[in-house]
Amino acid sequence: MNPSKETAYLPAELAQLNPNAWTAPFWAAAAEGRLRIPRCPSCEAIRMPPGPCCWRCHGTALDWKEVPGTGRVHTFTVTRRAFHRALAGCVPYVLAVIELDDADGARVISNVVDIYPNDVRVELRVEVVWDRAGEAVIPRFRPCGDRGESGPDTEDYNSGISRLESHDVIRNESYFGVRGRGGQGDRDVIA
Ligand SMILES: [Zn+2]
């Protein structure tokens with residue numbers, strides 16, 4: 001997918017990249033419209049963020065795996081109040097943690113675009129869209145409508161989010177939807 005937008009989602013002047021040896025391959029791929037994540041070539045563990053050695057096998061080699069760019073919203077917040085004057089014309093915007101497909105659970109923090117913020121849901125299926133912000137090409141995510149491997153199973157959970165939106169979000173301006181795993185069951189956390 002090639003960078004296609006002429007107007008950055010957030011102000012381009014706020015997207016000042018300073019790639020280093022660990023992150024330069026990610027941004028070089030992004031400039032070509034490709035989403036690549038760091039992986040250990042010895043044991044194939046995803047190493048995100050990249051670092052000097054593999055968390056699983058302690059190997060020091062690193063390669064970069066290209067992933068399809070689809071995934072699901074793991075959690076998100078809607079920012080309705082600009083914390084910097086450069087963002088005054090951009091609110092509300094959606095900051096989300098995206099769990100990538102074919103990435104062994106790896107997640108990235110990005111924005112969900114092309115959707116009304118109140119329509120974003122945990123488990124929403126998304127795909128990468130490349131946003132040119134000045135010299136930087138930044139991965140954002142938009143709804144893609146597919147159901148993934150198993151499809152969303154969070155009807156009740158998202159109903160809970162809607163109830164939260166109608167009360168607490170107005171008071172707090174933003175919220176996190178956090179889905180618990182394991183024996184504790186699902187839970188909601190208001191930020
Ligand atoms: Zn390894």
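Reply: Gladly! This is a predicted model. One place to begin is Val-94, which stands opposite Val-112 in β5.

Me: What makes β4 and β5 a pair of strands?

Reply: Two strands pair if there are at least two bridges between them. Here 6 bridges join β4 to β5, so the pair meets that definition. The two strands run antiparallel. Their hairpin has 6 residues between the strands, and there Asp-102 takes a positive phi near 55 degrees.

Me: Why is Ile-37 called buried?

Reply: The cut-off is 20 or more other C-beta atoms within 10 Å. Ile-37 has 22 C-beta neighbours inside 10 Å, so this residue counts as buried. Ile-37 is found in strand β1.

Me: What is Ile-37 in contact with, leaving aside neighbours within four places in sequence?

Reply: Its contacts are Ile-46, Met-48, Trp-64, Lys-65, Val-67, Ala-103 and Ala-106. As for Arg-47, 10 residues apart from Ile-37 along the chain, the two C-alpha atoms are separated by 7.8 Å.

Me: Which residues of the largest nonpolar core touch the most other members?

Reply: Of its 26 residues, they are Val-73, Ala-96, Ile-98, Val-112, Val-126 and Phe-141. Elements that give two or more residues to this core include α1 (24-31), β1 (35-39) and β4 (93-100). β6 gives the most, with 5 residues.

Me: And what does Ala-96 touch, not counting residues up to four places away in sequence?

Reply: Ala-96 touches Val-73, Phe-76, Ser-110, Asn-111, Val-112 and Phe-141. In soluble globular proteins, nonpolar side chains tend to be buried together.

How values were computed: Residues are numbered from 1 along each chain as its sequence is written. This is a predicted model: local features need pLDDT of at least 70, side-chain atom pairs count only at pLDDT 80 or more; totals for chains, interfaces and linings use all residues. A nonpolar core is a set of buried Ala, Val, Leu, Ile, Met, Phe, Trp, Tyr and Cys residues joined through C-beta atoms within 7 Å. A residue is buried if 20 or more other C-beta atoms lie within 10 Å of its own, exposed if 12 or fewer, and partly exposed in between; C-beta atoms are placed from the backbone. Helices (H or I, at least four residues) and strands (E, at least two) are DSSP runs, numbered from the N terminus. Two residues are in contact if their C-beta atoms, placed from the backbone, lie within 7 Å.
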